[in-house]
2 protein chains.
Amino acid sequence: MKKNKKCVVLLSGGLDSTTTLYYVIKQGYKPVCLIFDYGQRHKKEIYCAKKIAKSLGLKYYVVKFGLPWKGSSLINKKLKLTKSKHKNVIPLTYVPARNIIFLSFATSLAEVIDANYIFFGANQIDFSGYPDCRQEFVDAFQKMINVGTKKGVSGKKIKIVAPLINLTKEEIVKLAVKLGVPLQNTWSCYKGAKRPCGSCDSCRFRKMGFKKAGLVDPLDKK
Amino acid sequence: MKKNKKCVVLLSGGLDSTTTLYYVIKQGYKPVCLIFDYGQRHKKEIYCAKKIAKSLGLKYYVVKFGLPWKGSSLINKKLKLTKSKHKNVIPLTYVPARNIIFLSFATSLAEVIDANYIFFGANQIDFSGYPDCRQEFVDAFQKMINVGTKKGVSGKKIKIVAPLINLTKEEIVKLAVKLGVPLQNTWSCYKGAKRPCGSCDSCRFRKMGFKKAGLVDPLDKK
């Protein structure tokens with residue numbers, strides 16, 4: 001049993017990050033949630049993330065920032081929510097350096113609260129091809145914070161863990177159900193309507209996951 | 001002559017970042033300035049940074065964010081602006097992961113405007129021992145964005161350059177004078193009073209630089 005099980009969990013309120021949070025709790029870690037308000041197209045995911053953290057009685061922080069240069073359809077309503085058609089083409093929904101920024105804030109928080117772990121729900125199997133969702137990126141970020149932080153240089157490294165990175169969406173859905181994740185409270189759709197649009201990349205991956213797992217998404221029942 | 005000389009320059013309005021900016025222009029780069037409003041103890045440096053960018057007719061962005069967990073005396077007035085007494089002790093003015101966060105935003109901007117360079121004024125000679133001001137950190141950050149960005153994975157790497165990293169403060173002051181940096185418009189002091197306090201770490205390093213260079217700081221004449 002490790003002594004310090006305090007950790008930071010990046011929480012977007014979606015399927016992957018919420019499953020990561022439940023997984024982390026199951027493993028005996030003590031999470032502090034980190035939620036971002038970065039000018040998303042809709043605030044629904046922030047609302048869902050807060051609701052999930054509150055329902056578990058967890059401490060959470062909301063970091064607010066804007067990217068004045070936009071550059072992604074997820075933060076610029078003038079751009080289309082294009083789908084990833086080819087495996088090698090990064091779609092317009094890619095927010096430049098988003099996970100780099102998210103993990104940087106998580107690193108700052110981990111330094112301050114003396115957490116030895118940062119967990120995030122990146123996935124490189126059923127994903128849109130974003131470069132900052134791959135294990136290779138996680139490894140490089142790890143090396144960077146080992147030399148660029150106070151904890152790192154003092155030998156008490158902050159470990160970045162992406163437990164879902166090699167799971168398929170089907171496996172993530174099954175894990176979520178096993179862990180008792182309240183799937184009806186998660187939100188994955190890039191749009192913030194009353195019901196998921198069903199056609200954006202995020203919806204398509206989620207739908208495929210449920211279908212392959214032989215389960216019905218509670219959001220589709222509503 | 002390289003084709004694309006567009007670059008992002010981190011600009012705090014202090015001696016080092018302003019000298020970096022002037023150096024970059026002298027080298028023929030086309031800078032876009034990136035200024036941060038992150039809840040500093042005072043807004044004076046933001047005012048100075050904007051004034052410098054404007055005076056050069058440069059485009060600039062101000063990114064605003066807060067660190068709700070504080071954790072440094074530079075963003076928490078309840079903590080003291082302690083000085084670095086020993087080389088191996090990181091002082092309370094260290095803002096956890098600050099340069100990691102700054103460079104992450106710079107990476108995002110560079111992706112969007114298709115800039116191939118990010119310049120920043122880190123210095124590892126006469127400095128407070130912050131881990132994220134060292135060449136080792138810059139190298140690790142470089143490797144991380146090579147695999148974590150769209151430009152990186154497409155082979156058009158964004159190069160991080162810290163041209164002052166191995167200069168002493170004396171050399172930086174001399175370079176600033178040579179480049180015609182309007183030193184009277186820069187601000188290094190951690191406090192935002194009418195005149196520099198003269199005793200914080202930042203003031204002490206600046207004073208030492210001017211003294212060793214045999215020059216008078218125009219801010220001391222005011």
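Which residues of H2(A) are buried?

Reply: This is a predicted model, in which local features need pLDDT of at least 70 and side-chain atom pairs count only at pLDDT 80 or more, while totals for chains, interfaces and linings use all residues. Residues are numbered from 1 along each chain as its sequence is written, and chains are lettered from A and ligands numbered from 1 in the order in which they are written.

The buried residues of H2(A) are Glu45(A), Ile46(A), Cys48(A), Ala49(A), Ile52(A) and Ala53(A). A residue is termed buried if 20 or more other C-beta atoms lie within 10 Å of its own, exposed if 12 or fewer do, and partly exposed in between, with C-beta atoms placed from the backbone. Helices (H or I, at least four residues) and strands (E, at least two) are DSSP runs, numbered from the N terminus.

Viewed down the axis of H2(A), the buried residues fall within an arc of 160°, so they line one face of the helix; the arc is that of the directions from the helix axis to the C-beta atoms. An α-helix has 3.6 residues a turn, so residues three or four places apart point the same way. The face of H2(A) turned away from the buried side carries the exposed residues Lys54(A) and Ser55(A).

The buried residues of H2(A) pack against helix H1 (15-26), strand S2 (30-37) and strand S3 (60-64) of chain A. Two residues are in contact if their C-beta atoms, placed from the backbone, lie within 7 Å.

Helix H2 of chain A comprises 12 residues, 44-55, and should span 16 Å at 1.5 Å a residue; its end C-alpha atoms are 16 Å apart, which agrees. The expected span is 1.5 Å times one less than the number of residues. Just after H2(A), Gly57(A) takes a positive phi of about 65°.

As for the chain around this helix, the secondary structure of chain A comes to 8 helices and 5 strands, in the pattern β-α-β-α-β-α-β-α-α-β-α-α-α along the sequence. Of its 222 residues, 49% count as buried. A compact globule with 222 residues would have a radius of gyration near 17 Å, and chain A has 17 Å, which agrees; this radius is taken over C-alpha atoms, and the globule rule is 2.2 Å times the number of residues to the power 0.38. Among contacts in chain A with a separation of 6 or more, residues 24 or more positions apart account for 68%.

A rotation of 180° with 0.0 Å of shift along its axis superposes chain B on chain A (RMSD 0.0 Å). The two copies are thus related as by a two-fold rotation axis. The superposition is by least squares on the C-alpha atoms of residues with pLDDT of at least 70 in both copies. In chain B, the C-alpha nearest the axis is that of Phe65(B), 2.4 Å from it. The same surface serves both copies, as 100% of the contact residues of chain B recur in chain A.
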